[in-house]
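Welcome! Let us take a walk through this structure together, one feature at a time.

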Amino acid sequence: MSNDVVVELEGVRKCFGPRVIFDDVSLSVHRSEVVAVIGPSGAGKSTLIRCINRLNTFERGVIRALGHEVYGTEEGKPALKRDELRELRTEIGMVFQTFNLFPHLTVMKNVMLAPQRVKGLSEAQATARALELLEMVGLSHRKDAHPRQLSGGEQQRVAICRALAMEPKVMLFDEPTSMLDPELVGDVLATIRRLALDGMTMILVTHEMMFAKEVANTVVVMADGRIAEMGPARQVLSAPKTERARSFLERVLPHTDGGGVTDVRTHPQDQGGPIAGPIDSIGGSALWSREADEEELL
Amino acid sequence: MSAIALYTGEMLDGAVITLELTAGATVVSLVAGAAGAVGRLYGPKALKTFVMAYVETIRGLPAILQLFILYFGLTQFGIDISAYWAAFVWLCLYGTGYAIEIFRAGLQGIPEGQHEATAALGLTRFEAMRRVIIPQAWVAMLPALTNFVVLELKNTTLLYFIGVQDIMFHARLGVSNSGQPLVVYGIAAGIYVVMNGTISRVGGLLEKRAAIAR
């Protein structure tokens, strides 16, 4: 394993009871790489990234995160002890589909809780860090609100701040926008894009194909309990090599509501791939204008 | 009339004992109940089984039978505790059984996502419970807890069977000596209404405060 590898999966199998969710999943994620995991519902995408910080266990194979084996399924390889796992989790940020903010705490307290209670930051240090992060996502004016007073998009951006406040080395995003109204998706994606530009290592389960194409370096297509295809984002999304990936992309792309779909030809089958034209922008929404310059770098 | 006044005074003395026992047993039951519920939900298998068996025993046996076993039964083994302490111990044991179930329901009502969020952030179990899970469960449990305290207080009426000199004890005496059951029991009822009304009120205020703090 090279030093540059942040997360590595080798031959991972996950079952729920007798049902195999996925099998033989191998994947390496390098520093500052953005990996998008796509695929049909039920393919185990969320379960897969939840295995990385061991919110789910698995039945076979090895997952290493930041140099630690997160769960020993091989005989003679003990799992991380509880405190070691906890330590590791502080370095792996997680953003959930359902936000999971703490409803009894204000926005500020949500972001400050773990830095104070886990990392032992002082109130002042934690406040400063939280404010800086909330500023970054454009929510500092909402710092004293409670989560239920926020829109879904705002809640998710707070949740991202909460994870970032621990200064993680890698971020896991579990369908961060799939619970959001379409008009709120953009702000959350803008935040994630910014992290990508800052060089954050990220693994992102998403249904936003346009976004995956734009921000991810690598796309992993999961289907039928396997990795159907994996490779550079543009190549996989524009010209998938495998039949399984192609049929999935053909089904989702015309319906994707990311804003840039109008750019996609409506007869992908003519091209041997679903994405025919260049789709480098996400429909030129004003949401992106802030990062317009940096976007060119991608 | 003066007999009634005398027995009212006695009943008020009894009310002090009722309140002492209720307050003491409530505190012990809530602490033990919270610990029991955590053990029941997150503890090792043996502890889970023990807590489950305990709750079933407390729930399954009639209250008066438990009290008699504790007070009269133990004397067979040479354990001779006063009626007052036997009453206190029984109220604690009984209350704990019910408090465990209240806390368990409250804790289980917190969505799994909250636990996952604390785990993903690296909070210890203890910190997660203290900062995230219990503060939320507390709000949800308040109505049940208010009800619990009222029931504990009403349970103290059974204690007169073993000779604890609570309100009921003095009411019984007052009735047999004055021959005016309706008046004496009516006064006893009034005392209970005031006490339980106060408990409900405090519970209501706590709920209101919790709702604002949310």
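## A strand and its neighbours

In chain A, strand β6 (residues 92-95) pairs with β7(A) in the parallel sense, over four bridges. Two strands count as paired if DSSP finds at least two bridges between them, and strands (E, at least two residues) and helices (H or I, at least four) are DSSP runs numbered from the N terminus. This is a predicted model, in which local features need pLDDT of at least 70, side-chain atom pairs count only at pLDDT 80 or more, and totals for chains, interfaces and linings use all residues. Residues are numbered from 1 along each chain as its sequence is written, chains are lettered from A and ligands numbered from 1 in the order in which they are written, and side-chain values use heavy atoms, leaving out hydrogens and water.

Across the pairing, A:Ile92 has A:Val170 in β7(A) as its bridge partner. β7(A) also runs parallel to strand β8 (residues 201-205) of chain A, joined by five bridges, with A:Leu172 opposite A:Ile203 in β8(A). Together, β7(A), helix α6 (residues 182-197) of chain A and β8(A) make a right-handed β-α-β unit; right-handed means that, with the strands pointing away from the viewer, the path from the first strand over the helix to the second runs clockwise.

In a regular strand, side chains alternate between the two faces of the sheet. In β7(A), A:Val170, A:Leu172 and A:Asp174 point one way, while A:Met171 and A:Phe173 point the other way. Five of the five residues of β7 (residues 170-174) of chain A are buried, so the strand is largely enclosed by the rest of the structure. Buried means under 20% relative accessible area, exposed over 50%, and partly exposed in between (1.4 Å probe, protein chains only).

## Salt bridges

How many salt bridges are there over all chains? The count comes to 21, where a salt bridge is a side-chain nitrogen of Lys or Arg within 4 Å of a carboxyl oxygen of Asp or Glu. Here are some of them:

| Pair | Closest N to O |
|---|---|
| A:Arg50 and B:Glu116 | 2.7 Å |
| A:Arg129 and A:Glu167 | 3.4 Å |

A:Arg50 is buried at 13% relative accessible area, and B:Glu116 is buried at 14%. B:Glu127 and B:Arg131 both lie in helix α6 of chain B, four residues apart, about one turn of the helix.
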